[in-house]
Amino acid sequence: MDPSARLPRFSFQTKVLVPVLVALVLLPVITLWIVNSYISRQMQNESRQALLTAEGVFLNSLDIRTRNLASRFRNTVNEPRFKATAGLRDSKTLTNSLRELLDELRDENELIFYTNDQGQLFAQAQRDPATNAAELARVAGPIIRHALDGELGTGTVSTGAKSFNVVAVPVLLSDTGPLIGVLTIATRLSETTMLELKSLTHADLLLFSDKTITASTIRQPELPAELLPAIAAEGPARLILPVEMNGEHFLALTGLYEPSGPQRGFRYVLLASNEQRMRELMNARLTLLGVSLLGIFLSSGVVWFLIRR
């Protein structure tokens with residue numbers, strides 16, 4: 001028996017239709033893969049660029065905030081009333097003056113203390129009794145010592161799971177001296193401040209000190225494991241990676257804020273949400289897939305109709 005007789009015989013229509021169908025299927029599949037790869041890369045590039053822009057705005061906003069605080073409190077110590085009170089060198093009188101000054105300031109200004117020319121804590125006033133003033137004065141020591149040398153001291157410190165902008169202003173008895181002490185103001189990076197920064201950067205923010213969150217725009221954030229090495233003191237200063245937090249997808253940027261001054265800054269994480277972009281990508285995939293399937297069915301029907309005539 002002829003072996004060729006055992007082979008299945010295909011009709012002319014089938015021989016024509018099968019290659020056409022294969023081509024019609026492969027073409028949209030390849031197109032879908034190329035377009036999907038392009039859109040995914042574009043989405044990542046846009047997210048990355050948005051995050052880098054947000055970081056620039058964030059760092060610049062912190063520097064502006066520090067300069068504004070320094071300018072404001074420099075004017076405070078130059079007021080004749082304050083100079084006269086400091087010149088009395090009376091702890092009780094100066095403490096009352098600092099309390100009045102704290103009442104005039106915004107809630108973010110949490111602690112004011114005065115150090116004499118020997119570097120000893122002489123008077124203080126604080127808004128939150130839970131704030132450890134002695135510990136804050138200790139960690140702000142390099143900033144205060146800088147001011148005792150006659151130079152304005154600025155920086156950031158963290159203590160008690162809080163981060164503060166610290167400004168230390170030399171107090172001179174007259175315009176030409178001598179230096180009689182240093183006025184130090186600790187302004188907390190509060191929730192209100194963080195939300196203001198979020199509105200400027202369009203990104204969520206997390207601030208860290210020794211792996212502890214000191215300020216955040218996300219309530220009770222659950223840190224993903226990928227971020228833990230990045231926020232460690234010995235971790236890389238800069239890193240960009242995708243993460244998932246509280247069921248939402250983000251592109252995260254970690255960095256180290258190091259302001260000009262005697263005190264080291266803090267680690268931060270900026271989070272740009274990818275949820276909307278991912279939904280747009282999924283919608284684009286589904287639209288392209290639907291159009292491709294419709295094209296396949298219509299083309300197959302036209303070819304089948306033509307070859308049957």
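Colleague: Let's start with Thr 193: does it count as buried or exposed?
Modeller: In this model, which is a predicted one, Thr 193 counts as buried, because its relative accessibility is 4% and the cut-off for buried is under 20%.

Colleague: And where is Thr 193 placed, and which residues does it touch?
Modeller: Thr 193 has its place in helix α6, and, if residues up to four places away in sequence are not counted, it touches Arg 65, Glu 108 and Arg 188.

Colleague: Which helix and which strand each supply at least two residues to the lining of the second largest pocket?
Modeller: Those are α6, spanning 191-201, and β7, spanning 212-216. The pocket itself has a volume of about 200 Å³, and among its 13 lining residues the closest to its centre are Glu 191, Ala 215, Ser 216, Thr 217 and Ile 218.

Colleague: How does that lining divide into nonpolar, polar and charged?
Modeller: The lining of the second largest pocket has five nonpolar residues, five polar ones and three charged ones.

Colleague: Changing topic, what about Leu 32: which helix is it in, and which residues is it in contact with?
Modeller: Leu 32 is found in helix α1, which covers residues 12-77, and, leaving aside neighbours within four places in sequence, it is in contact with Arg 285, Leu 288 and Leu 289. For Leu 32 and Arg 285, the separation in sequence is 253 residues, while their C-alpha atoms are 7.4 Å apart in space.

Colleague: Why is Leu 32 called partly exposed?
Modeller: Leu 32 is called partly exposed because its relative accessible area is 23%, and that class lies between the cut-offs of 20% and 50%.

Colleague: Now α3, how many residues does it have, and which of them are buried?
Modeller: Helix α3, residues 91-104, has 14 residues and reaches 20 Å from its first C-alpha to its last, close to the 20 Å expected. Its buried residues are Leu 94, Thr 95, Ser 97, Leu 98, Leu 101 and Leu 102. Seen down the axis of α3, these buried residues fall within an arc of 160°, so they line one face of the helix.

Colleague: What does the face turned away from that buried side carry?
Modeller: That face of α3 carries the exposed residues Lys 92, Asp 103 and Glu 104.

Colleague: Last one, how many helices and strands does the protein have?
Modeller: The protein has eight helices and ten strands, and 40% of its 309 residues count as buried.

Methods
Residues are numbered from 1 along each chain as its sequence is written. This is a predicted model: local features need pLDDT of at least 70, side-chain atom pairs count only at pLDDT 80 or more; totals for chains, interfaces and linings use all residues. Side-chain values use heavy atoms; hydrogens and water are left out. Helices (H or I, at least four residues) and strands (E, at least two) are DSSP runs, numbered from the N terminus. Buried means under 20% relative accessible area, exposed over 50%, partly exposed in between (1.4 Å probe, protein chains only). Contact means heavy atoms within 4.5 Å. The expected span of a helix is 1.5 Å times one less than its number of residues. The arc is that of the directions from the helix axis to the C-beta atoms. On a 1 Å grid over the protein atoms alone, a cavity is a set of points where a 1.4 Å probe fits but cannot get out, and a pocket is an open set with protein on both sides within 12 Å along at least five of seven lines; lining residues have an atom within 4 Å of a point. Grid points are joined across faces, edges and corners, and a volume is the space filled by probe spheres set on the points. Ala, Val, Leu, Ile, Met, Phe, Trp, Tyr, Cys and Pro count as nonpolar, Asp, Glu, Lys and Arg as charged, and the others, Gly among them, as polar.
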